Amino acid sequence: MHKPVKVVAILCASPALSSIVAGVLAARPALRVRRFESMAELVAYLRIAPVDLLICDQDPGILDAAELARTIRVDRNLARREMKIIALARAIDGTFRREAIAAGIDEVIAKPMSPGYLCERVLARLGTPVTFLSAPSGYCGPDRRNRVERARPPVEVERRGSNVIELFGRDRTTPDRTTPPHA
């Protein structure tokens, strides 16, 4: 049986990275790859043609993956809003992680990565079913409510002495200092 062709859109800040990613993915017969040079070009294409997965770049000052994902997730004029999104980022801190989850990004991959690894992740993401929801806010994308960090209640800390805080609890044994750590 013949597998349907999946369309992958690519928008990276670097034309070199975009070319490498496109070349690796285009070698797969089950993938049709579309490269874009600007967010405006990408959104214009998404309004006329369905895309199964988007690979976008997080490059501060040049391209904001979370902003792009938010734009896509609320645009009711797209040919298909239920696409998966993979972001490529040089640094993944807590702020970007929260923004990515809230924007509906499915996966963030740290740069630099091998082209083969990226291809594996694209194929895995395309092979994994996701339930999309439509919220009253206009958001249409994967359900992220269970992944958003909520405020945690303060933890009671037991103090021993004036400036010592027990980190592991009373039931944790002291490590054996006679054995090297990597033995």
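The model is predicted, so local features need pLDDT of at least 70, side-chain atom pairs count only at pLDDT 80 or more, and totals for chains, interfaces and linings use all residues. Residues are numbered from 1 along each chain as its sequence is written, and side-chain values use heavy atoms, with hydrogens and water left out.

**Overall fold**

- The protein has five helices and nine strands; helices (H or I, at least four residues) and strands (E, at least two) are DSSP runs, numbered from the N terminus.
- Starting at the N terminus, the order of elements is β-α-β-α-β-α-β-α-β-α-β-β-β-β.
- Of the 183 residues, 36% are buried; buried means under 20% relative accessible area, exposed over 50%, and partly exposed in between (1.4 Å probe, protein chains only).
- Among contacts (heavy atoms within 4.5 Å) with a separation of 6 or more, 65% join residues 24 or more positions apart.
- The protein exposes about 11700 Å², and carbon and sulfur atoms supply 54% of that area; accessible areas come from the Shrake-Rupley method with a 1.4 Å probe, and for residues only the protein chains shown count as cover.

**Nonpolar cores**

- A nonpolar core is a set of buried Ala, Val, Leu, Ile, Met, Phe, Trp, Tyr and Cys residues joined through side-chain atoms within 4.5 Å.
- The largest nonpolar core has 26 residues, of which L42, L54, I72 and M83 touch the most other members.
- Two or more residues of this core come from each of β1 (6–11), α2 (39–48), β3 (53–58), α3 (65–74), β4 (84–89) and α4 (94–103).
- Helix α3 gives the largest share of this core, five residues.
- Leaving aside residues up to four places away in sequence, I72 touches L42, L46, L54, L78, R81 and M83.
- A second, separate core has 19 residues, including C12, L53, I55 and L126.

**Helix α5**

- Helix α5 (residues 115–127) has 13 residues and should span 18 Å at 1.5 Å a residue, which agrees with the 18 Å between its end C-alpha atoms; the expected span is 1.5 Å times one less than the number of residues.
- The buried residues in α5 are L118, C119, V122, R125 and L126.
- They cover an arc of only 130° around the axis, which puts them on the same side of α5; the arc is that of the directions from the helix axis to the C-beta atoms.
- These buried residues pack against β1, α1 (15–26), β2 (31–36), β3, β4 and β5 (107–110).
- On the face of α5 turned away from its buried side are the exposed residues E120 and G127.

**Salt bridges**

- Side chains of opposite charge can pair when their charged atoms come close.
- The whole structure holds six salt bridges; a salt bridge is a side-chain nitrogen of Lys or Arg within 4 Å of a carboxyl oxygen of Asp or Glu.
- D57 and K111 form a salt bridge at 2.7 Å, N to O.
- D57 is in strand β3 and K111 is in the loop between β5 and α5, so this pair ties together parts 54 residues apart in sequence.
- D57 counts as buried at 1% relative accessibility, and K111 counts as buried at 11%.
- In the salt bridge of R73 with D106, the closest N and O atoms are 3.4 Å apart.
- R73 lies in helix α3 and D106 in the loop between α4 and β5, so the pair ties together parts 33 residues apart in sequence.
- E107 and R125 form a salt bridge with closest N and O atoms 2.9 Å apart.
- E107 is in strand β5 and R125 is in helix α5, 18 residues apart.
- A network of salt bridges links E107, R121 and R125.
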